[in-house]
Amino acid sequence: MLSLFFTRVALIFPCLFLLCAVNYGWYVLLSWTPTYLKDVFGVDSRKDPALATAPYVAAFLGSLVGGYLSDALFKRYCEKGQMRIRTVRKILQSVGQIGCSVFLLAVSFLSPTPTHASVFLSCALFLGRFVQSGYTTSMADIGGVWYTGQVMGVSNTLATIPGVACNYLTGVINELPPEIPTKAKWGVVFGVAVFCNVIGAVAFCLLADDVPLAETDPRGGSGEGKG
């Protein structure tokens with residue numbers, strides 16, 4: 001597996017790079033949304049849980065809608081030979097990351113009230129979860145019958161690093177001198193996430209493919225009929 005992994009790294013790199021980019025923004029929103037609402041708007045999630053909870057509910061719904069749209073595109077175009085699977089992955093990935101980035105910018109610059117902020121965060125996470133039908137399923141396209149588990153394992157392990165780093169960096173940014181406005185600090189936090197999203201989306205669209213690492217059982221024989 002390792003020799004095949006490194007010889008076909010060009011196929012795996014887009015998923016790995018993209019997962020690192022996605023994880024940065026995802027971990028920030030997953031871990032810091034209640035803190036952002038409290039720091040900027042004074043929202044206590046224990047007394048007013050709806051504002052802090054809505055973005056996570058939206059993320060769940062976004063995963064379902066993204067999966068439905070992916071299946072619909074596959075059945076309408078891919079099964080008829082009018083579109084490659086990788087194109088479907090890139091469409092969902094682009095909508096997810098760029099859409100999420102637009103609403104994160106709205107959170108930073110167009111949120112006069114906590115309600116506005118919660119709505120924009122909900123939209124960001126709703127669209128952001130479309131990536132589950134982009135890079136995640138692309139790992140199965142690349143891994144095929146025999147290597148999907150290994151591709152996902154390696155990618156998720158390495159992509160945890162930016163997920164951990166983002167929490168540390170967000171804490172450092174929020175510990176900047178008090179003369180810097182709190183909202184400006186959070187603008188930097190979301191700005192870094194937007195940067196990672198855009199770079200990841202561009203890299204995935206340029207480099208991602210749907211060519212499997214191997215079509216046959218590495219132990220010999222065909223993969224046909226095996227799950």
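Ser122 lies in helix α5, where helices are DSSP runs of H or I with at least four residues, strands are runs of E with at least two, and both are numbered from the N terminus. This serine counts as buried because its relative accessibility is 13%; buried means under 20% relative accessible area, exposed over 50% and partly exposed in between, with a 1.4 Å probe and protein chains only. Leaving aside neighbours within four places in sequence, Ser122 is in contact with Ala54, Pro55 and Ala58, contact being heavy atoms within 4.5 Å.

The model is predicted, so local features need pLDDT of at least 70 and side-chain atom pairs count only at pLDDT 80 or more, while totals for chains, interfaces and linings use all residues. Residues are numbered from 1 along each chain as its sequence is written, and side-chain values use heavy atoms, with hydrogens and water left out.

Turning to the chain as a whole, the protein has 7 helices and 0 strands, and its elements run α-α-α-α-α-α-α from the N terminus on. Of its 227 residues, 42% count as buried. Among contacts between residues at least 6 apart in sequence, 79% join residues at least 24 apart. The chain exposes about 11,300 Å², of which carbon and sulfur atoms supply 68%; these accessible areas come from the Shrake-Rupley method with a 1.4 Å probe, and for residues only the protein chains shown count as cover.

The interior comes next. In soluble globular proteins, nonpolar side chains tend to be buried together. A nonpolar core is taken here as a set of buried Ala, Val, Leu, Ile, Met, Phe, Trp, Tyr and Cys residues joined through side-chain atoms within 4.5 Å. The largest such core has 28 residues, and Tyr36, Leu37, Leu104, Leu121 and Phe190 touch the most other members. At least two residues of this core come from each of α2 (9–41), α3 (49–78), α4 (85–109), α5 (114–128), α6 (135–174) and α7 (182–207). Helix α2 gives the most, with 7 residues. Leu121 touches Leu29, Thr33, Tyr36, Pro55, Leu104, Val107 and Phe190, when residues up to four places away in sequence are not counted. A second, separate core holds 14 residues, including Val22, Tyr147, Val151 and Leu213.

Phe190 is also a contact of another serine, Ser108. Ser108 is found in helix α4 and counts as buried because its relative accessibility is 11%. Not counting residues up to four places away in sequence, Ser108 touches Lys183, Gly187 and Phe190.

On a 1 Å grid over the protein atoms alone, a cavity is a set of points where a 1.4 Å probe fits but cannot get out, and lining residues have an atom within 4 Å of a point. Grid points are joined across faces, edges and corners, and a volume is the space filled by probe spheres set on the points. About 100 Å³ of space lies in the largest cavity. Its lining is made up of Val22, Gly25, Trp26, Leu29, Gln97, Cys100, Ala124, Leu125, Gly128, Arg129, Val131 and Asn197. Helices α2, α4 and α5 each supply at least two of the lining residues, and α2 gives the most, with 4 residues. The lining divides into 7 nonpolar, 4 polar and 1 charged residues, where Ala, Val, Leu, Ile, Met, Phe, Trp, Tyr, Cys and Pro count as nonpolar, Asp, Glu, Lys and Arg as charged, and the others, Gly among them, as polar.

Several residues with greater accessible area complete the picture. Thr160, in helix α6, is partly exposed because its relative accessible area is 32%; its C-alpha atom is separated by 8.8 Å from that of Leu19, 141 residues apart along the chain. Ala184 has its place in helix α7 and counts as partly exposed because its relative accessibility is 37%. Ala184 and Val40 are 144 residues apart in sequence and 9.7 Å apart in space, C-alpha to C-alpha. Gly42, in the loop between α2 and α3, counts as exposed because its relative accessibility is 55%. The C-alpha atoms of Gly42 and Pro114 are separated by 8.6 Å, with the two residues 72 apart along the chain. Glu175, in the loop between α6 and α7, counts as exposed at 67% relative accessibility.

Key:
1 Å grid on protein atoms, 1.4 Å probe; cavity = no way out; pocket = protein on both sides within 12 Å on 5 of 7 lines; lining within 4 Å.
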